[in-house]
Amino acid sequence: MDFRFSLEEENFRQEVAVFLEKEGPKEWQKKKVSFFDMSGQENWIAIHREMSQKLGAKGWLSLHWPKEYGGQGLSPFYRLILREELAKYHCPGYHSLSVDFVAPAILLKGSDELKKRFLPGIASGEVMWCEGLSEPGHGSDLAAIESFAKQDGESYVVNGQKIWTTYAHFADWMFLLARTDRQAQPNYRGLTFFLVDMHTPGITVNPIINMAGHYDFNEVFFDDVRIPKENIVDSINRGWYVAMALLDFERTSDLGYAIAGTLLNDIVECARERDILDAQNQIRMAELVVECEVARLTHYHVTWMQAQGKGTTYEAAACKLLGFESIQHVAEFGLKVFKQFGLLSDKSSLAPLYGRISSCYLRSFGHSMEAGTSEIDRDVIAQRGLGLPRLR
Ligand SMILES: Cc1cc2nc3c(=O)[nH]c(=O)nc-3n(C[C@H](O)[C@H](O)[C@H](O)COP(=O)(O)OP(=O)(O)OC[C@H]3O[C@@H](n4cnc5c(N)ncnc54)[C@H](O)[C@@H]3O)c2cc1C
């Protein structure tokens, strides 16, 4: 067991750091605000897109893809290093929904034709995707989704509704799970995974503002939306298997520990400047450092498994659970440290870290729901890791 990164990996980290310091959004770096804090704010989408294309031009959005599909054939640890540095430098541009959700699913389950059509746009950072899985009443119970795609000649015609669709308001494409067989038993055998152009007539996107005041997600309606049958990934009624493979990648995409670790460092630095760190806070801080470290090592383990081509199920769930809950715990700590000042938004000059404490705290509740809730993660660990029966 060797806990060090290789010399090449360390050199890559250095190259990324130099690039991000120069090319990252200056205002964000000065204020130390993150991707999540800025969402919904002026120019946010334009900055995200611009940075995405810069990362794409460096070839950094396809680092670990096979060379035949435009990747560099590197280990997934390069992707992890890139994302650690992006968190450290408060840089947007890494559109996980494209790079880490749909791209691996296409690589694993898509035809050669789909790979050639869709992967270049993701690698260049020009084409952005959103995820159409959840429906009202069918989030954890994903297998029961009702949006229906009916075959009509060479196309499928979709009717139904999706909800919590992150970034549907600016995404170019959606990966959509829809029912194609209402009689299938068990019900998950009647689902199909489609790739949908968001400009297709019949798609309506309505905003949902979250409690932090950010505009991240939407409800999306489909009224007779026509999708060519060549946009099916894998084959008809095999969508569940594509979605499950995708979810394992989704759970290990965002580096919760890196986001939490950066926030913790910034909180400590700001609290030191204001001279408000007491003994109790220091003890809690030490606990949080350990928590982030455990999340980091769990993520490294899963990345190592991915590098070996091993499947990850309960390990991916553990990774998401630890990383995302560590963000929640650090955000909560921020509120304790700064007391009433932590509640202030960026509109107040008295707010620590430009209002990031309250913004992160309010946004952090979503972290234990997105990509599958923490309860479902615990259930996956209990069932797949420990061989225990389903919770419900
Ligand atoms: C910030 C954010 C972004 C999101 N982005 C997207 C997106 O882009 N695309 C998309 O399709 N979806 C998205 N989602 C939706 C997300 O996947 C769902 O919220 C999640 O799967 C939970 O589903 P639900 O909201 O229907 O809650 P429910 O499934 O109704 O769950 C309600 C509660 O019951 C618990 N529960 C449910 N079933 C079980 C069980 N079997 N055992 C134990 N406890 C259980 C849950 O843990 C939860 O606490 C997003 C959600 C958030 C918060």
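A residue counts as buried if 20 or more other C-beta atoms lie within 10 Å of its own. Keep that cut-off in mind for aspartate 248: this residue has 23 C-beta neighbours inside 10 Å, so it counts as buried. One thing to know before going on is that this is a predicted model. The chain is assigned three domains: domain 1 (7–94), domain 2 (130–238) and domain 3 (252–386). Below is a quick tour, topic by topic.

**Domains and the ligand**

- Take the centres of domain 1 and domain 2 over their C-alpha atoms, and you get 29 Å between them.
- How many residues surround the ligand? There are 22, and the closest are Gly139, Ser140, Gly366, Thr373 and Glu375.
- Two elements, β1 (129–132) and α13 (374–386), each give two or more residues to this shell.
- Sorted by class, the shell around the ligand holds seven nonpolar, nine polar and six charged residues.
- Domain 2 (130–238) and domain 3 (252–386) each supply at least three residues to the shell around the ligand.

- Aspartate 248 sits in helix α8, which covers residues 239–251.
- Which residues does aspartate 248 contact, leaving aside its neighbours within four places in sequence? They are Thr312, Thr313 and Ala316.
- Aspartate 248 and phenylalanine 101 are 147 residues apart in sequence, yet their C-alpha atoms are 8.9 Å apart in space.
- Valine 225 belongs to strand β7 (residues 215–228).
- Is valine 225 buried or exposed? Its 25 C-beta neighbours inside 10 Å put it over the cut-off, so valine 225 counts as buried.
- Not counting residues up to four places away in sequence, valine 225 touches Val157, Val158, Val196, Thr200, Gly202 and Ile203.
- From valine 225 to alanine 371 there are 146 residues in sequence and 26 Å in space, C-alpha to C-alpha.

**Helix α13**

- With 13 residues, α13 reaches 17 Å from its first C-alpha to its last, close to the 18 Å expected at 1.5 Å a residue.
- The residues Ile376, Asp377, Asp379 and Val380 are buried in α13.
- Look down the axis of α13 and its buried residues fall within an arc of 160°, so they line one face of the helix.
- What do these buried residues of α13 pack against? Their partner is α11 (314–338).

**Helix α10**

- Helix α10 (residues 279–307) has 29 residues, and from its first C-alpha to its last it reaches 42 Å, close to the 42 Å expected at 1.5 Å a residue.
- Among the buried residues of α10 are Leu288, Glu291, Cys292, Arg296, His299 and Gln306.
- The buried residues of α10 pack against α5 (76–88), α9 (256–273) and α11.
- Just after α10 comes glycine 309, with a positive phi of about 75°.

- As background, most residues other than glycine have a negative phi, and most peptide bonds are trans.
- Which two residues are joined by a cis peptide bond? They are glutamine 185 and proline 186, with omega at about -10°.
- You can find proline 186 in the loop between β4 (173–179) and β5 (191–197).
- Lysine 32 is not a glycine, but its phi is positive, near 55°.
- Lysine 32 lies in the loop between α2 (26–31) and α3 (35–38), and with 18 other C-beta atoms within 10 Å it is partly exposed.
- Aspartate 234 also isn't a glycine, and its phi is positive at about 65°.
- Aspartate 234 lies in the loop between β8 (232–233) and α8, and it is partly exposed, with 19 other C-beta atoms within 10 Å.

**An exposed loop residue**

- Glutamine 340 is in the loop between α11 and α12 (356–367).
- Why does glutamine 340 count as exposed? It has 8 C-beta neighbours inside 10 Å, and a residue is exposed if that number is 12 or fewer.
- Glutamine 340 and glycine 93 are 247 residues apart along the chain, and 33 Å separate their C-alpha atoms.

Methods. Residues are numbered from 1 along each chain as its sequence is written. This is a predicted model: local features need pLDDT of at least 70, side-chain atom pairs count only at pLDDT 80 or more; totals for chains, interfaces and linings use all residues. Domain bounds come from an automatic or database domain assignment. Helices (H or I, at least four residues) and strands (E, at least two) are DSSP runs, numbered from the N terminus. Two residues are in contact if their C-beta atoms, placed from the backbone, lie within 7 Å. A residue is near a molecule or strand if its C-beta atom, placed from the backbone, lies within 6 Å of it. Ala, Val, Leu, Ile, Met, Phe, Trp, Tyr, Cys and Pro count as nonpolar, Asp, Glu, Lys and Arg as charged, and the others, Gly among them, as polar. The expected span of a helix is 1.5 Å times one less than its number of residues. The arc is that of the directions from the helix axis to the C-beta atoms.
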